[in-house]
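Take a look at the model below.

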Amino acid sequence: MEQPTFPGRPTSSFPTAPKSSAALRSSGPIVGLDGSIPSQAATPFASSGPVAEFGSSFTPQTTSPFFSSVPAVGPQPANFRELPPPIRPSGPSSPPSYQVQNVGSYQQMQAPRYHPIAQSSVPLGSPPFIGQPRGPLYTGSFQPHSQTPAVSMGPTPQSSSQIIPRNNVPQLSEPSFTATKIPSQPPLHGYSNVPPRPSMPSFQPDPQFHASGPVSQRPMQGFPPAHVPATHASPYYAHQSIVPPPPPIGGPLGYTSRDQLQHPLTGPPLGGVQSLVEEFQSLSVGSVPGSLNPGVDTNLLPRPLNGDEISTKIPEIYPLNCHPRFLRLTTHAIPNSQSLFSRWHLPLGAVVHPLAETPDGEEVPVINFGPVGIVRCRRCRTYINPYVTFTDAGRKWRCNLCSFLNDVPAEYYCALDASGRRSDINQRPELCKGSVEFVASTEYMVRPPMPPLYFFLIDVSVSAVRSGLLEIVAKTIKSCLDDLPGFPRTQIGFITFDNTLHFHNLKSSLTQPQMLVVADLDDIFLPLPDDLLVNLSESRHVVEAFLDSLPVMFQSSVNVESALGPALKASFMVMSQLGGKLLIFQSTLPSLGVGRLRLRGDELRVYGTDKEYTLRLPEDSFYKQMAAEFTKNQIAVDIYAFSEKYTDIASLGSLAKYTGGQVYHYPSFQVAIHHEKLSYELGRNLRRETAWEAVMRIRCGKGVRFTNYHGHFMLRSTDLLALPAVDCDKAFAMQFSLEENLMTTQTVYFQVALLYTSSTGERRIRVHTAAAPVVTDLNEMYNQADTGAIISLLGRIAIENSLSQKLDDARQSIHLKLMKSLKEYRNLFAVQHRLSGRLIYPESLRLLPLYVLALCKSVALRGGYADAPLDDRCAAGYSMMILPVSRMLKLLYPSLFRINENLLKDGKESQEPLIQLPLTALNLDPKGIYILDDGFNFVIWLGRMLPADLVSNILGADLAGVPDLSKVVVFEHDNPISKKLMMILNQLREKNFSSYPSCRLVRQGEQPRELSLFLANLVEDPTAGSTSYVDWILQVHRQSQS
């Protein structure tokens, strides 16, 4: 039967290899989803907790519990690179014509239609005038077409196997590009600490000549042109190279093509090869006017001053896909062959944020199939989704992943209309929305759903008592008791520890809590097993009494020891029956009992050697083993680390890494500065909706297989992620490869399924579905690339590499991927266009070089020993492994605002939106006030030439009476300036609810605080031996053309 087509779904407009004759051939069922699959060998994860989404009889495979990724599998052709096909202009059926215009008044135009006008002739071989227009832009289709060019280029274009090397293209006699070191200029006036910058006069291009922008493309067949965004929407315009093009290499001008015979008024582009439409962005890397040295106009450098930019093209072409906030591919064009994949060079994968917060009115619909059960494919266990097709008058449906033909349950049957669509499609969210949530039946449970459980393990050594930590923690927990999810089923418990363990009896029949002390750290036991974990609603008054007494209970303690290891074993004994969330508050290095650690952060002789990475690994295997046991029993661990000294975050963080938890690090903890931050972040952790005892799997269509996974989880089988707890602040990344040498499908489908228990005790399955086209053109892969997803995946890969190699090697690996990709992209246009003196890049990846530079300058990867404390580096790495794309990009390229003008304005003028500035010290004015916001912290920079009264209003005191700004707390004072400042800070905080940025003040010239807190985050400047953005672009240009 002929397969129906549905409005709203993309039609087959991508050229692919012919389909296999075996229409129903499948790669086989995916592991873990069919209840009929026989059990595998027993594993440490065969627990009482639920198993993969998918059938009570499934038992996960045995894998090592300590690796978050598996090696990539799949053939990679050696020493083979498929040459790119010749680039031919493709456009609408009526060919464009070239309108004669005044060269001096030429502007870039974008018009859907061109009226044929006679073209002035140009003598063959004579170069056009400098700055000459290149003719109107062609509009290209989303897919590459093979059609006759509309203009004559002389002889027939050569095949891919006969492409002329770029060094055979005639070149004008001009100096070759060399990487001459740019001399530095004197420091900023009044600012002696600005790193040296290249001496570059400001370059203002002639306003008569607009920079060339990206070529607009014709939308896919079956979709109106309105789906394609205007090319001038991008704020970044590539700089037009002001050099004469080479002479044409084609034959004599004439009407040799069919289109030209049909449209005799059209002619070839002016100037030969150089005037071909450029389907890429470029940046001039030549001589800046007035300078003898090669350089870059800094005003033309691409910068993410608008934050994370999500392409709107894909959601318009695939409106049935889930929103990009849930799933983002590194490129939304899947290569059709291994040879094409080998030329991509960048990671091929996805970033998944399954529980991302949604704006009001866009909540994920909840679907309850009732006794019918969830409709799934019988072969591959894919959940029904908008991309399945119905046949046989609605009695059967075909799986979009494996093409298996399934029977439609009688209770789910609905007749099809004339177009082949179900009549109730608009009333069925699972058939018209890419993200849905199914209510799971009892077959998805192996035990009753667990209640929300919060267990607190609190360090009460002298450092914790003196820092004021206990008071903040106790008050915050008490303030959250009414908002803990799961009432009235919520369970709660506490253990405190120093050199002994303190168990707290919270039985509801008591009026005051009882403390029982266990001093034997080698033989841990529970003194009252049944009363250490209580129902919050029943024991509320005892819990509140305990929290009120906690700050003073250990006030006279002088114990400096910490028995964290034994305390972990005791917590496991209490929680193992139910699971839940374990929150650890640690303020010193564990020193007693099992799991004790030693100072190893000052081993300078190890840095720079092949054993450097061992400092970033857990020292004691005890913590990995405990993480495996916690995961097996559905226990997630969150670490709150407070210390001015080394506490071995590398070891402690592994508890969070393998249990789906999170590391919160408060270096140099001070109550006055960190009080609000700790209170907010602990409160959010307790109040936010949490998915308990969860497992996640991502399925994909035939020919594609996921190989590596990155994030905080335990890999239970080859593709099943065990997540004892997961929430809206955690994202995961994964890589996939091609299983076949040649793809036979036109579209690849991806489906993420998260099976979890809600806080209300309901078993649910969150499902996200997306489709991506299979392409044969490398240019399409680059054009549909997602910089944010690429950087998120590259960052996770680099951090994991730093755990097995030197930091420099991890950074070089990122550099190599960037250089190879840009070089490969450049080669696509090396024959058709003159590329000398220009850095060539696709519009979609214009920010990739900057983000790669920022990634290498991040705390997790920058420099060596002297550039970041070991605990700070490890904590940053753990945080970056779970960050969603938007927060990752904000951390790498923070926002910089000048606010002193807003503070001095009155009325509505003071509420004008802040303008984000490039991250370079060249934008700093000694008379200004600036805020640096990376999503985790605010740094307020005060210029040394600020009026004294303005500074006094901010500080609430005269600056002369404040010798140490590191101890100053920014809060609202009774003056207009201070109130406006707090309003600005609160507005910035409202843009990100995941974290609470604390505020630090730094004065210009105040070293070393200014360098460590502020200048080190100006990623466009050279710091700590690293290169500047300008020098980095020059280096990228040199290596991409070598």
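Is Asp 548 buried, partly exposed or exposed? This is a predicted model. In it, Asp 548 is partly exposed, with a relative accessible area of 46%.

Asp 548 has a charged partner. It forms a salt bridge with Lys 478, and the closest N and O atoms are 2.8 Å apart. The two residues come from distant parts of the chain: Asp 548 sits in helix 7 (residues 540-553) and Lys 478 in helix 6 (residues 469-480), 70 residues apart. Lys 478 is partly exposed too, at 31% relative accessible area.

Helix 7 also holds a local pair. Arg 540 and Glu 544 meet in a salt bridge, 2.8 Å from N to O. They are four residues apart in the helix, so about one helical turn separates them. Arg 540 is partly exposed at 23%, and Glu 544 is partly exposed at 24%.

Now go to a buried pair. Asp 727 forms a salt bridge with Arg 688, with 3.0 Å between the closest N and O atoms. Each lies in a loop, and 39 residues separate them. Both are buried. They belong to a network of salt bridges that also links Glu 357, Arg 684, Asp 729 and Lys 730. Across the whole structure, a search finds 38 salt bridges.

Last, the serine. Ser 337 lies in the loop between strand 5 (334-335) and helix 3 (338-342). Its relative accessible area is 7%, so it counts as buried, the cut-off being under 20%. Its side chain makes a polar contact of 3.5 Å with that of Asn 336. A polar atom of the Ser 337 side chain also lies 3.2 Å from the backbone nitrogen of Leu 340. Beyond its neighbours within four places in sequence, Ser 337 is in contact with Leu 738, Asn 741 and Leu 742.

How values were computed
Residues are numbered from 1 along each chain as its sequence is written. This is a predicted model: local features need pLDDT of at least 70, side-chain atom pairs count only at pLDDT 80 or more; totals for chains, interfaces and linings use all residues. Side-chain values use heavy atoms; hydrogens and water are left out. Buried means under 20% relative accessible area, exposed over 50%, partly exposed in between (1.4 Å probe, protein chains only). A polar contact is a pair of N or O atoms within 3.5 Å; within protein, one must be able to donate a hydrogen and the other to accept it, and residues adjacent in sequence count only if both atoms are side-chain atoms. Contact means heavy atoms within 4.5 Å. A salt bridge is a side-chain nitrogen of Lys or Arg within 4 Å of a carboxyl oxygen of Asp or Glu.
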